[in-house]
Amino acid sequence: MGQVPSAPQINESEIDVEALRAKYAQERRRRLREDGAAQYRKAAGEFGYYAKDPYTPFAARAPLADRVEALVIGGGFGGLLTGANLRKAGVESIRMLDEAGDFGGTWYWNRYPGIHCDIESYVYMPLLEEVGYMPTRRYAPGEEIRQHAVAIAKKFDLYADTAFHTRVTSLTWDEECSEWIIETDRNDKMRAKFVITSSGTLTQPKLPGIEGIENFKGHTFHTSRWDYDYTAGDANGGLTGLGDKRVAVIGTGATGLQAIPHVAENAKHTFVFQRTPSTVDIRANRDTDPHWAASLEPGWQKKRQDNFLDIISGEDFDEDLIQDGWTTVPQLQRAMITGKIDESLSAEERERAEELLDFAKLNQIRSRVDEIVEDPQAAEKLKPWYRYMCKRPGFSDTYLQSFNRKNVTLVDTAEYGGVTRMTESTIVVGDTEYEVDCVIFATGFDVGVSGVLSGTMPVYGRGGLPLLHAWAQGPKTLHGFQSHRYPNLFHLGALQNANSVNFVHILQEQAEHLSAIIQAGRSAGVSIIEPSVEEQEEWTRTIHGSAIDNSKFQLECTPGYYNNEGKARPNLNSFGPGPVAFAKLLKQWRENELEAYIARHIEVNA
Ligand code: NDP
């Protein structure tokens with residue numbers, strides 16, 4: 001375990017700004033692909049088996065045709081927090097629905113060896129005080145987080161009426177009954193007064209666009225559907241089934257960083273196919289100190305979560321309670337994550353200060369590679385040459401060390417835009433073929449594609465109007481949650497609101513807000529809750545007027561899912577002042593406007 005990551009010292013005489021800019025641009029060019037995001041393949045159709053649930057057997061059941069008061073789509077933390085808050089608001093009839101076989105969302109699907117949360121668990125895992133749980137480690141293992149999701153569901157009695165292994169195929173507003181008709185791939189046709197969607201943004205596994213990928217005859221799977229029948233072991237490692245196997249891992253993002261050390265430890269030989277190296281900073285995980293845990297006062301978690309959010313959103317703070325890799329260089333995150341801006345500097349001064357800090361941070365990260373990796377050639381390939389937030393920052397105290405093992409080969413594919421080709425038994429990069437028994441795809445997920453936005457979950461509102469038609473010129477909502485002509489329908493997620501790397505905290509604020517609206521509606525005996533055209537137009541104007549266009553930064557970044565594979569477009573869908581300001585705005589709205597919002601009668605021209 002290393003010490004805690006620190007903010008780098010900026011020594012301007014040691015930073016050759018022009019040379020670094022040129023090197024970053026050159027490394028970016030090496031990786032740019034004409035086909036951009038189209039290079040990937042969906043884990044569907046002929047590749048559908050990559051997305052199958054390996055954890056819970058599929059149980060037959062009769063189609064549902066009943067009625068609940070609230071239906072929550074998504075059993076991850078967003079859905080669970082909504083369910084918990086609705087229970088607290090007195091809603092008895094709740095159905096939770098998910099494509100997975102149980103609660104947990106991303107933690108249900110991702111069970112690969114080494115999986116841990118990379119945000120501190122004391123701020124990431126929600127409702128710790130209410131559930132009465134203290135994580136065992138500062139960065140908790142995935143299985144512990146999944147169990148916590150299950151514990152929340154039990155605590156708030158959310159298992160009672162669940163529909164798992166169920167995918168919603170349409171939502172249709174029934175004007176006459178003032179309720180939603182929910183149809184699914186299990187032939188359900190159920191009804192609900194309120195529908196809340198929280199279907200996640202990183203859920204659909206994707207495969208790389210490698211020529212001949214379908215020809216490979218050995219064993220293959222995606223990290224989010226880890227095949228322990230093949231590898232043996234569990235999320236703690238012990239993959240003894242790989243002892244006589246030559247294993248290829250394709251992908252070195254946040255997932256690859258965590259899984260590769262375990263594969264390397266167990267496989268006869270591991271080939272790591274890298275296109276872009278991640279930044280790998282100190283992890284310094286540790287057991288939770290029982291004395292510290294015992295010393296915490298009630299309300300400690302909210303205070304800590306708010307502290308984390310304040311720091312990474314650029315707000316003022318008295319003390320850094322977390323002190324880890326996220327909080328020591330919060331300025332670097334500003335390029336990606338909106339928040340309060342330091343007005344004491346001009347835009348140019350700010351940009352220059354952030355660029356220098358960025359170069360210094362990356363120099364620190366590149367030096368760490370040299371300190372750990374013994375083979376200088378491998379070390380050179382493992383060095384990242386891009387701005388810190390071009391990719392999800394990585395943390396590990398075992399990943400770089402894996403490349404000192406004799407049974408691990410690092411294959412750099414950057415020059416070729418990734419792996420060149422696959423045959424029945426090999427992976428080809430340039431002219432070199434690597435014979436392997438198994439290929440593990442650590443190649444990530446379709447990003448930002450909720451069923452609502454992708455159209456896989458069509459929504460028909462008043463007059464049968466499809467939501468995507470209503471949003472043809474871009475989303476129009478009140479605070480990102482509700483739209484005119486779509487009464488009693490609420491969306492959780494990153495849409496026309498403000499976001500943070502601690503996304504579960506954001507979902508928690510959202511779930512509390514939506515539940516407060518529904519509670520107010522129930523108390524007032526109102527059967528329709530819906531924003532007016534004017535309200536959603538005004539909020540959309542607020543969003544467009546405040547959104548910070550970071551596409552210049554993104555276009556200079558190395559390709560990846562953060563910048564639409566090098567083809568970033570201006571994203572004008574987030575609230576510029578950031579998540580802390582957004583939470584304040586919602587609180588004020590609840591205090592000053594919610595009552596009138598609920599009470600008024602809305603005239604609708606369908
Ligand atoms: P990513 O999309 O981040 O990484 C995919 C990897 O596959 C990249 O290294 C990519 O290279 C590589 N790749 C894609 N196509 C090819 C190809 N044709 N040839 C070679 N390599 C290829 O997916 P992850 O699953 O790692 O992470 C996704 C997200 O999930 C993270 O960003 C994070 O938000 C979340 N996550 C969170 C964790 C947590 O602890 N909270 C842990 C793990 C994941 P390139 O970079 O060049 O495109």
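This is a predicted model: local features need pLDDT of at least 70, side-chain atom pairs count only at pLDDT 80 or more; totals for chains, interfaces and linings use all residues.
Buried here means under 20% relative accessible area, exposed means over 50%, and partly exposed covers what lies in between.

- Glutamate 355 and arginine 21 join their side chains in a salt bridge, at 2.7 Å from N to O.
- This pair connects distant parts of the chain, with glutamate 355 in helix α12 (residues 347-372) and arginine 21 in helix α1 (residues 17-31), 334 residues apart.
- Is glutamate 355 buried or exposed? Its relative accessibility is 12%, so glutamate 355 counts as buried.
- Arginine 21, by contrast, has 38% relative accessibility and therefore counts as partly exposed.

**A link between a loop and a strand**

- Aspartate 66 pairs with arginine 95 in a salt bridge whose closest N and O atoms are 2.7 Å apart.
- Because aspartate 66 sits in the loop between β1 (41-42) and β2 (67-73) while arginine 95 belongs to strand β3 (residues 94-97), the pair ties together parts that are 29 residues apart in sequence.
- Arginine 95 is buried, at a relative accessible area of 1%, whereas aspartate 66 is partly exposed at 30%.

**Another pair, and a network**

- Aspartate 35 makes a salt bridge with arginine 33, and their closest N and O atoms are 2.9 Å apart.
- Aspartate 35 has a relative accessible area of 32%, so this residue is partly exposed.
- Which residues are linked in a network of salt bridges? Lys23, Glu27, Arg30, Arg31 and Glu415 are linked in this way.

Key:
Residues are numbered from 1 along each chain as its sequence is written. Side-chain values use heavy atoms; hydrogens and water are left out. A salt bridge is a side-chain nitrogen of Lys or Arg within 4 Å of a carboxyl oxygen of Asp or Glu. Helices (H or I, at least four residues) and strands (E, at least two) are DSSP runs, numbered from the N terminus. Buried means under 20% relative accessible area, exposed over 50%, partly exposed in between (1.4 Å probe, protein chains only).
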